[in-house]
Amino acid sequence: MPSNVLSLENALVGVIGARIRLQTTHSSRPNIEGTLFTACPLTNLVAVAVPTSPTTPPVHHILPISSIQNFTLISTTPTSNSFASPPTTTPAITSVPSAALRARADAAVARLKEIASKKNKAVGKEAQDLFDGLSRTLPTRWDGNDIVVMDSVVVTAPYRGEDCRAGSGVPVQTLNRVRKVVDNERKRFADRERKVVVPAVPAVPAIPALHTGPRKGG
């Protein structure tokens, strides 16, 4: 009966983990004795862990609750090998290397600041492109709107080779090297612009004049 099955379900759910003896309607195994592993009200199934020997895992029997005629509670404490569960261990807690993590975080922040310092929003695209080109081969930084190369040569607007100025004591070779790189970068910019092909606009054909007056000989 449905009411009896519901009552049996509740009773079985209340003794999960206990040692029980089931009397079933199965002729091949009318009695099952073991530890109640689970009782599921959704599927109306129970699983019973039946021990075989002290050294081997138990055998789990799954059967519908409707096949259970009655059960007997033998013990509320399962036997030692009813579930054969692995031993519960507490993982060792190791200390977090906070100093190393802080160093990595500081290095990442410094890297982001370095990247941001190489972008100058106050100058045009050509000046920023020149800065990026110089910084690929030479130590370069911004000082306001001036480009400082190797902390010894300053490139001022409009950022040509002749706009390079060296401080006192800077070798002429260093100044000439920076001027050469600046001129090469500007030449590369000019070549890039010349390669941009502007599509030609097709000519509009002439529209023939319309004669509206009377034709001769008409």
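**Reading the strands, cores and rings**

In this predicted model, Val-149 in β7 is the bridge partner of Thr-140.

Q: What makes β6 and β7 a strand pair?
A: Pairing calls for at least two bridges between the strands. Four bridges join β6 to β7, so the two count as a pair. They run antiparallel. In their hairpin, two residues lie between the strands, and Gly-144 takes a positive phi near 70°.

Q: How do you know that β7 and β8 pair as well?
A: The same test applies: at least two bridges are needed, and three join β7 to β8, so they pair, running antiparallel. Here Val-149 turns up again, with Val-153 as its bridge partner in β8. The hairpin of β7 and β8 has three residues between the strands, and Met-150 takes a positive phi near 55°.

Q: Why is the pair of Phe-131 and Trp-142 called stacked?
A: Planes under 30 degrees apart count as stacked. These planes meet at 10°, with the ring centres 4.8 Å apart, so the pair is stacked. A search of the whole structure finds one aromatic pair. Phe-131 belongs to helix α3 and Trp-142 to strand β6, eleven residues apart, and both are buried.

Q: Which residues have the most contacts inside the largest nonpolar core?
A: They are Ile-147, Val-155, Tyr-159 and Val-178, in a core of 18 residues. Helix α4 gives the most to this core, with five residues.

Q: What is Val-178 in contact with, leaving aside its neighbours within four places in sequence?
A: Val-178 is in contact with Leu-138, Val-149, Met-150, Val-153, Val-155 and Cys-164.

How values were computed: Residues numbered from 1 in each chain as written. Predicted model: local features only at pLDDT ≥ 70, side-chain atom pairs only at ≥ 80, totals over all residues. Heavy atoms only, no water. Core = buried A, V, L, I, M, F, W, Y, C linked by side-chain atoms within 4.5 Å. Buried < 20%, exposed > 50% of the residue type's maximum accessible area, 1.4 Å probe, protein only. Contact = heavy atoms within 4.5 Å. Phe/Tyr/Trp six-rings, centres within 6.5 Å; stacked < 30°, edge-to-face > 60°.
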